[in-house]
Amino acid sequence: MSMELRLFSDRRLSAIGEWQNAIAAEAFPLQLSDETSFDSVNGFLQSHLRGKLTGFECNHWDASEVMAEYPGVDFGHDWKYVLALRWLGSKRDEMLAAWMAATAYARATEGVVFDELDGKIRNASQALEIVRDLESDDQHIVDAAVKEALRRLRSRL
Amino acid sequence: MEGRVKLGAVTLNEMRDALGLDPFATPAADRPMVLTATGYVPIEAGVGGEGAVANAPGANAKTAPLVEKRSVFKDYDPDEPRVPAGNPDGGQWTSGGEVPATLPAVANDDPITPARQYASTLVIKHPGAWTGDSRTDETTDKLVTVLQGVMETVEYPPGMSPQRYGQLIHQAFATAVVAEGLSGIGADDVETTFPEGPYGSPGSIRTDVVLRNDDGKIIAIYDVKTGEADLTPTRANQLRAKTGAPSKTSVIQIRFNEALSKIS
């Protein structure tokens, strides 16, 4: 199911290629598709993570409208731009790709990452900590937890 | 915000501060806690090893067996005391020790109706979530029941970050919905790419769940969210447009933090 983050900045990158350069500077194994121009991105943005197809939805939204959706959050100042990244929460690669792309974008634009899950605002360095956490090889724990949850649900529903 | 407290993303006192309320004096209110079926457990419990929970201030006796077993699941105990139905926190586990048993009410512009309880989880359904179409409403009810079951069955793996736990819950729910085999929701109707095409189609969007009638037409779109922001009308219209559903199709939001609402 869907998980989202918001990427606030006061300047925009001009092209997917510039975003890709920022990703490369972080040494992330992520390759964004440049099939669509950055300005016209509106939906799934294809990428490859370690050569495997993945991606996330990406939309340019109105920053003031997005900030107004979170009246309890102090964004520091009125940011000019926002990118909305959305991925399927069940797909780990999408989540990792989104966080890598967001971290690189935030670094390149001196922007911040707002995670809807915990309501926290992170700069690029702080977002990188999330990336490192998501890279940990514990998918087997998640898979086992899901399997066991289903077993228990069957006996209850 | 309450959902974030339950995930351990913020402390109880951080939530109270955001609400303009005075902090609780108890030290437990300043520590990240995760809501399990046995009550609130300090988030650092898993990091500290098997004895961490039992030794941590604010831990209640119910948490000890969980850690001893090193299990990420909690066996349901129907005899465990809970806040009575009818109370705004009805159904939540009560807990002893220093951990506050209930959370303060969170301001919400919409009227809410405690409508259903499933085991330990309180679910709040917004009156606007009901469409009047029996098939849609029954499906909504079933999806919420599945979600409740997932929330109660999946325990917080020790040491896991909120982001990874969120992924776990989402994965469990998606799998459970498919496994449930609900009428009108096929396996291809969960996490579906629209416009219909292969995974990764540029510019596509993915719906969480779509409900179809007997003719295969989409009659409801479900959007399952973890955060606090509502599904916007713009996004709801995007979902209708990309799926090819009629403009009047219900787009129903289900939140993991126990709220359910409809965006017209």
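## A look at chains A and B

Let's start with the overall make-up: chain B contains seven helices and nine strands. Helices (H or I, at least four residues) and strands (E, at least two) are DSSP runs, numbered from the N terminus. Residues are numbered from 1 along each chain as its sequence is written, and chains are lettered from A and ligands numbered from 1 in the order in which they are written. Keep in mind that this is a predicted model, where local features need pLDDT of at least 70, side-chain atom pairs count only at pLDDT 80 or more, and totals for chains, interfaces and linings use all residues.

### Chain B and its helix 6

Chain B has 264 residues, and 48% of them count as buried. A residue is buried if 20 or more other C-beta atoms lie within 10 Å of its own, exposed if 12 or fewer, and partly exposed in between, with C-beta atoms placed from the backbone. Now for contacts: two residues are in contact if their C-beta atoms, placed from the backbone, lie within 7 Å. Among the contacts in chain B with a separation of 6 or more, 55% are between residues 24 or more positions apart.

Helix 6 of chain B is mostly covered, with 15 of its 19 residues buried.

Zoom in on B:Ala176, which sits in helix 6 of chain B. Is B:Ala176 buried or exposed? B:Ala176 is buried, because 23 other C-beta atoms lie within 10 Å. Leaving out residues up to four places away in sequence, B:Ala176 touches A:Leu150, A:Leu153, B:Val146 and B:Val150. B:Val150 is 26 residues from B:Ala176 along the chain, and their C-alpha atoms are separated by 7.8 Å.

### Where the two chains meet

The contact between the chains takes 46 residues from chain B and 40 residues from chain A. On the side of chain B that touches chain A, the elements giving two or more residues are helix 1 (2-7), helix 5 (134-153), helix 6, strand 6 (205-212) and strand 7 (218-225) of chain B. Helix 6 of chain B gives the largest share of that side, 14 residues. Sorted by class, the side of chain B that touches chain A has 22 nonpolar, 16 polar and eight charged residues. Here Ala, Val, Leu, Ile, Met, Phe, Trp, Tyr, Cys and Pro count as nonpolar, Asp, Glu, Lys and Arg as charged, and the others, Gly among them, as polar.

### The sheet in chain A

Over in chain A, seven strands form an open sheet in the order 2-3-4-5-1-6-7, with antiparallel pairing. Strand 2 (30-32) and strand 7 (120-122) of chain A are at the edges with a single partner strand each, so one side of each has no neighbour in the sheet. From one strand to the next, the twist averages 30 degrees. Two strands pair if DSSP finds at least two bridges between them. Here are some of the pairs:

| Strands of chain A | Bridges |
|---|---|
| strand 1 (residues 2-9) and strand 6 (residues 112-115) | four bridges, antiparallel |
| strand 2 and strand 3 (residues 42-49) | three bridges, antiparallel |
| strand 3 and strand 4 (residues 52-62) | eight bridges, antiparallel |

A:Arg6 stands opposite A:Phe114 in strand 6 of chain A, and A:Gln31 stands opposite A:His48 in strand 3 of chain A. A:Leu49 has A:Lys52, in strand 4 of chain A, as its bridge partner. Strands 3 and 4 of chain A make a hairpin with two residues between them, and A:Arg50 in the turn has a positive phi of about 50 degrees.

A:Tyr81 belongs to strand 5 (residues 81-88) of chain A. A:Tyr81 is partly exposed, since 18 other C-beta atoms lie within 10 Å. A:Tyr81 touches A:Ser9, A:Arg12 and A:Ala63, not counting residues up to four places away in sequence.

Note on methods:
Axes fitted to C-alpha atoms, helices over the stretch in contact; angles between N-to-C directions.
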